[in-house]
Amino acid sequence: LLMLIIIAYTSFFINPKEFEANIEVGLTALLSAIAFHASQSESLPKLGYTIKADIFFISTYALIFLTIIMTVVSNYYYHRKIIYKAERVDAVGAYIFPVLLLFIIIFIYLYERTN
C-alpha cells in the first residue's frame, strides 16, 4: 500500500501539461488501492469496529484522491495559461502530501496505543 502511495506522489513531479499521464497515475493508484483493500478484507475477520488497517486504507484513498484533485486544479491553471499557479499547485502538493502521510502514520500509531 505504501508503494501505491509513493506512485500517487510522483504525479506532483510530472509536468502540468501532461494531464493524461498525471490523471492516469492517480486513477491507477486509486483503483489498485481499492483492489488491494478488497483482497485484504476477504482474509480479515469481520469485526463490528474500525481497526487501524481500515483507517490506513481510508486515509490512503483520501491521499490519492487529493493528488487527483490537485492534478485537475493544476491542469485548469495550465490551460488558462497561468503556468506559475499550475506549478505552485504541484509544489504545494509535493510538500503537503508527505506531511499528511506522516500525520496519518502518527495518528494510526496513537490510535493503536489508546485502544
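Q: Which residues have the most contacts inside the largest nonpolar core?
A: This is a predicted model. In the largest nonpolar core, which has 22 residues, those with the most contacts are L1, F56 and I64.

Q: Which helices each supply at least two residues of this core?
A: Helices α1 (2–9), α2 (19–43), α3 (52–79) and α4 each supply at least two.

Q: And which one gives the most?
A: That is α3, with 7 residues of the core.

Q: Back to F56. What is F56 in contact with, leaving aside neighbours within four places in sequence?
A: With those neighbours left aside, F56 is in contact with L1, L2, I5, I104 and I108.

Q: Something else now. Where is N22, and is N22 buried or exposed?
A: N22 is in helix α2. N22 counts as buried because its relative accessibility is 4%, and buried means under 20%.

Q: What does N22 touch?
A: Not counting residues up to four places away in sequence, N22 touches S11, I14, N15, P16 and T71.

Q: What about the surface: which residues make the nonpolar patch?
A: Y95, I96, V99 and L100 make a nonpolar surface patch of about 370 Å².

Q: Where does L100 sit?
A: L100 is in helix α4, which covers residues 83–114.

Q: Why is L100 called partly exposed?
A: Because the relative accessible area of L100 is 33%, and partly exposed lies between the 20% limit for buried and the 50% limit for exposed.

Methods: Residues are numbered from 1 along each chain as its sequence is written. This is a predicted model: local features need pLDDT of at least 70, side-chain atom pairs count only at pLDDT 80 or more; totals for chains, interfaces and linings use all residues. Side-chain values use heavy atoms; hydrogens and water are left out. Patches are made of residues with over 30% relative accessible area and no salt bridge: like charges are joined within 9 Å, nonpolar side chains (Val, Leu, Ile, Met, Phe, Trp, Tyr) within 5 Å. Accessible areas come from the Shrake-Rupley method with a 1.4 Å probe; for residues, only the protein chains shown count as cover. A salt bridge is a side-chain nitrogen of Lys or Arg within 4 Å of a carboxyl oxygen of Asp or Glu. Helices (H or I, at least four residues) and strands (E, at least two) are DSSP runs, numbered from the N terminus. Buried means under 20% relative accessible area, exposed over 50%, partly exposed in between (1.4 Å probe, protein chains only). A nonpolar core is a set of buried Ala, Val, Leu, Ile, Met, Phe, Trp, Tyr and Cys residues joined through side-chain atoms within 4.5 Å. Contact means heavy atoms within 4.5 Å.
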